[in-house]
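This report looks at charged side chains and how they pair. Please have the sequence and the model open while reading.

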Amino acid sequence: MPKHELILLKNMMTPGYTGSLKDYEKTGGYQALKKVVGKVQPADVTQLVMKSGLRGRGGAGFPTGVKWNFLPKDYKGPKYLCCNADESEPGTFKDRQLMERDPHQVLEGIAIAAYAIGAESSYIYIRGEFVLGAHILDKAVAEAQQAGYLGKNVLGSGANIQIYVHRGAGAYICGEETALLESLEGKRGLPRVKPPFPATSGLYGKPTVVNNVETLANLPHIVNRGPEWFAAIGSAPKSTGTRIFCVSGHVKNPGNYEVPMGITLRELIFEHAGGMRSDKKLKAIIPGGASAPFLTEQHLDVKLDFESVAQAGSMLGSGGVTVMEEGTSMVWAALRLMEFFFHESCGKCSPCREGSSWLTQTVRRILAKRGRMEDIETLKQLCQNIAGRTICAFGDAEVAPIMSTLQYWRHEYEELIREAEAHREKELPMAAARH
Ligand SMILES: Cc1cc2nc3c(=O)[nH]c(=O)nc-3n(C[C@H](O)[C@H](O)[C@H](O)COP(=O)(O)O)c2cc1C
Ligand code: SF4
């Protein structure tokens, strides 16, 4: 049993809970929407969310209410809300669980956000591979519509809140918010050059908010129990509420764990996830999805909040915590991640398009024991020429595995290169003798 109160995962952990509208209503579902729609001014809902301190759970941790407040106030045309359900970050699998097991919690969150920003149409952009999730959401939207929680004149308030489920086609980059918008518009999913930001020019050039599934799922609870209640959970004042951490890798009990922000990595890995799967020691941790730099066993007492993880040199990101044991080759681990980024680079900007290929080839060569000592400097220079020089944050993400493995496990690269050098020294005289 978890020792902390569950908020987002609570319903689905109750035996017999199916996620149907009936079950959701029995737990107090849609009471928050009833409380606000037509009764509280939309701007006051935004204020409430700002007061709660809720920050985005999609990766960057941007304050949710502040983002909503960026929308132009006097704008009369259509505005849009997009729920980012792309969840392609390796090691991240929480949004999928939220959508499949408690879809109405997500829909109620979307409806509250849509009301607050004045969006009559909202889209759930769901990762193409989540066929089951899309089916469940479609069914839940129809149920909520029939019950009057969605559609025209919601609960007799005069507000129109329509939700559409849109399936992606399996590109990681479509989780980047502007690529998501391009894809929703029916174009190839390539990130846009910013500014303008979606708040002023988003979907179809209209003011738009993009929020993550988990971010939105928090809203019914913030409305029902108050912003002060939410702000008191976690690490005040900047990392409030709980986080669902997706723990994977060499632990006994991989899975999703909802805990207050601010518990330590040690507590998450050794108390919640059952510790290491064998008697091998912990070697490396990715604390926030593949885009987050590696940490080491020295960081086990780092608190899982936005600031502490950033101070330790990584990021809380998407909440995907991957644990690796002693004996894992960190050059191999870096290559696995690099191959993913190389495959998923959209190719719109040259530092990322070309750099991801060079980085992959160079690490591949080192791992195949064909590297040279100068390759390490080449890797570093490549990373420096990618980070901060690309259209989207993918550039910063793809250098994270290389830079952080070089920082903590440079000796592993060097050992492989020394083996390559020794091999060359042995082979060359023999080759010369043959000629
Ligand atoms: C390459 C890349 C992939 C991303 N993938 C996702 C994703 O799958 N899901 C998500 O919510 N955010 C993703 N993001 C972050 C989004 O761009 C955006 O910041 C987020 O959806 C905003 O929601 P939030 O404020 O609620 O976190 C990604 C960002 C980048 C750069
Ligand atoms: S950084 Fe990479 S993924 Fe992002 S726009 Fe440039 S090429 Fe595409």
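## Salt bridges in the predicted model

In this predicted model, a search of the whole structure finds 23 salt bridges, a salt bridge being a side-chain nitrogen of Lys or Arg within 4 Å of a carboxyl oxygen of Asp or Glu. Side chains of opposite charge can pair when their charged atoms come close.

## A pair between distant parts of the chain

One of the salt bridges joins the side chains of Arg55 and Glu307, at 3.0 Å from N to O. This pair links distant parts of the chain, 252 residues apart, with Arg55 in the loop between helix H4 (42-52) and helix H5 (64-69) and Glu307 in helix H14 (residues 306-311); helices here are DSSP runs of H or I with at least four residues, numbered from the N terminus.

Arg55 counts as buried, at 15% relative accessibility, whereas Glu307 is partly exposed, with a relative accessible area of 30%. Buried means under 20% relative accessible area, exposed over 50%, and partly exposed in between (1.4 Å probe, protein chains only).

## A network of salt bridges

Glu182, Glu185, Lys187 and Arg192 are linked in a network of salt bridges. Within this group, Lys187 meets the side chain of Glu185 at 2.6 Å from N to O, and Lys187 also forms a salt bridge with Glu182, where the closest N and O atoms are 3.8 Å apart.

Glu182 counts as buried, at 14% relative accessibility, while Lys187 is partly exposed at 44%.

## Conventions

Residues are numbered from 1 along each chain as its sequence is written, while chains are lettered from A and ligands numbered from 1 in the order in which they are written. Local features need pLDDT of at least 70, side-chain atom pairs count only at pLDDT 80 or more, and totals for chains, interfaces and linings use all residues, while side-chain values use heavy atoms, with hydrogens and water left out.

Conventions
Helices (H or I, at least four residues) and strands (E, at least two) are DSSP runs, numbered from the N terminus.
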